[in-house]
Amino acid sequence: MTENTLAPSSSPQSNADAATTPALTGRMSMGALLLTVLAFSAPIAVVAGYIPFTISFGGPAATLIFIMATVFLLLFAVGYVTMAKSLPKPGSFYAFISAGLGKIPGLGGAFLAVVSYLLMLGGCYVFIGLTANEFIASLDGPEIPWWVWTIASWLIVSVMCYFHIEVSAKVLSVAMLLEIAIVLVFNVAVLVHGGGPEGFSATPLNPAELSNGDIGVAMLFAIMVFLGFEATALFRDEVRDPDKTIPRATYGAVLFVGTLYIVSCYLLTTAYGSNAVETATNDPKSMFPDAIGNLAAPVFTQLTFLFIITSELAAAISVHNVTARYAYNLGVDNALPAWLARVHPRHHSPYRASVTVAAVVAVILVILSLANTAGEGLDAQLFGLGTVGVLVLMCLVSLSVIGWFARRGISNGGNVFKCFIAPALAVIALGTTVVLAVMHLDLVVGGAPGQNTGLLFILAASLLCGSVLAVYFRARKPEVFRRLGRADVAG
């Protein structure tokens, strides 16, 4: 590991803490980065939780929905990777939107990213608390308030993320391999048993069956479960060879989880045969655990619940690291207090940004848990709302790719498809998903139709606040405005 070096800041606004512009360091491999961002999507939680919902809404052909979602996200990845090669700067969404659409929407997007990921992080903690409580109860264990487990998970994640990213990467790698192993046990068990009660069928792959479900809502759930891979460029300073590692990890993440979800959805549908949709609708929570318990061994039913908890813990580590790096980048640019832009002299981590993220999410959780002592539905509200925010950002990034190359021209390694066609198709797909998410917000965040629509104000307000702040910087602090989007930092 190389020693951290600090270069002089160009901003006269910097205080004593930010008199230098720090740089994160690291040598994460493609595999480590891949597993780090994959942990965000919590594969076993998706297979056990979201895939049944997709089957419920998508009908027998839900597998085709996941195939289409994989194609759509690959289209986004094409533009994202092409932009990352053309704009070799840290910051991910923040840097890309600033470069493609302008610094004002760029800072608005950065604030939206911070708020969205904070919400998702809070959702992870609440989910862990509620699920751990249910798991202990299922074992006839003592009744312990859900928030005890939430506090415990918050402490573990906050301490873990204080250190270098490679510490988190090692933990996430182990967690990911374990949960993927459980999913593979189920998949192999279905194959060994020759499928379900009706054997293997081509029905889940028959396009005609799409008419028997709600394609739009099913697609919404399918695309939501891919999130995480969009953060690869955020770790640019901490990987071994960013020009190779980031593209490979981005494509690898989409293809890996896409294949995993496609195969698992097909086999879960096959395991229940003609009763799959009915089971997914009536008892989605037990669909996967019951199936793996019956086809593999009863012990895997409890192991599934256990690994769902550890999977969400891994997801929380991943989300925390992403959020901290957004805060760090904003601190480097003085868009947020420069105090956040300090790198730990020993651990080479954005430790102040990380501690701030931990403190802010703790305050959010305390306030919300006092208002909802049972925690019922709180995890869905937080995670679902944050997911909508990230989907909006992905649309903005795809538009940024088009805007960037329209002004700059196609760079080396680019072509019309990568720079214009793929991101345009991604805008259509993701934009439609955002519209569906807003129309069916009750399915995303819970509650009755229209009950939680006001929550969208949080996302809109964060986007607006960042944009207004950028306008203020342009008028009163032009030296700060020039720095926005990490414009002063070489790749």
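Author: Buried means under 20% relative accessible area, exposed means over 50%, and partly exposed is in between (1.4 Å probe, protein chains only). The model is predicted, so local features need pLDDT of at least 70 and side-chain atom pairs count only at pLDDT 80 or more, while totals for chains, interfaces and linings use all residues. Residues are numbered from 1 along each chain as its sequence is written, and side-chain values use heavy atoms, with hydrogens and water left out.

Reader: Why is Arg236 called buried?

Author: Arg236 has a relative accessible area of 6%. Buried means under 20%, so Arg236 is buried.

Reader: How many salt bridges does a search of the whole structure find?

Author: The search finds three. Another one joins Arg325 and Glu238 at 2.8 Å, N to O. Arg325 lies in helix H12 and Glu238 in the loop between helix H8 (215-224) and helix H9 (242-272), so the pair ties together parts 87 residues apart in sequence. Helices here are DSSP runs (H or I, at least four residues; strands are E, at least two), numbered from the N terminus.

Reader: Are Arg325 and Glu238 buried or exposed?

Author: Arg325 is buried, with a relative accessible area of 1%. Glu238 is at 0% and therefore also counts as buried.

Reader: What about the salt bridge of Lys285?

Author: Lys285 meets Glu134 at 2.5 Å, N to O. This pair links distant parts of the chain, Lys285 in helix H11 (residues 284-295) and Glu134 in helix H5 (residues 103-138), 151 residues apart. Lys285 is partly exposed at 48%, and Glu134 counts as partly exposed at 42%.

Reader: What makes the pair of His320 and Ser354 a polar contact?

Author: A polar contact is a pair of N or O atoms within 3.5 Å; within protein, one must be able to donate a hydrogen and the other to accept it, and residues adjacent in sequence count only if both atoms are side-chain atoms. The side chains of His320 and Ser354 are joined at 2.9 Å. His320 lies in helix H12 (residues 299-332) and is buried, because its relative accessible area is 0%.

Reader: Which residues does His320 touch?

Author: Contact means heavy atoms within 4.5 Å. Not counting residues up to four places away in sequence, His320 touches Leu121, Tyr125, Val157, Ser158, Cys161, Ser354, Val357 and Ala358.

Reader: Where is Asn334, and why is Asn334 called buried?

Author: Asn334 is in the loop between H12 and helix H13 (351-371). Its relative accessible area is 12%, so Asn334 is buried. Asn334 has a positive phi of about 65° although it is not a glycine. His348, found in the loop between H12 and H13, has a positive phi of about 55° and is not a glycine either. His348 counts as buried at 4%.

Reader: How do you know that Ile421 is partly exposed?

Author: Ile421 has a relative accessible area of 40%, so it is partly exposed. Ile421 is found in helix H15 (residues 416-439).

How values were computed. A salt bridge is a side-chain nitrogen of Lys or Arg within 4 Å of a carboxyl oxygen of Asp or Glu.
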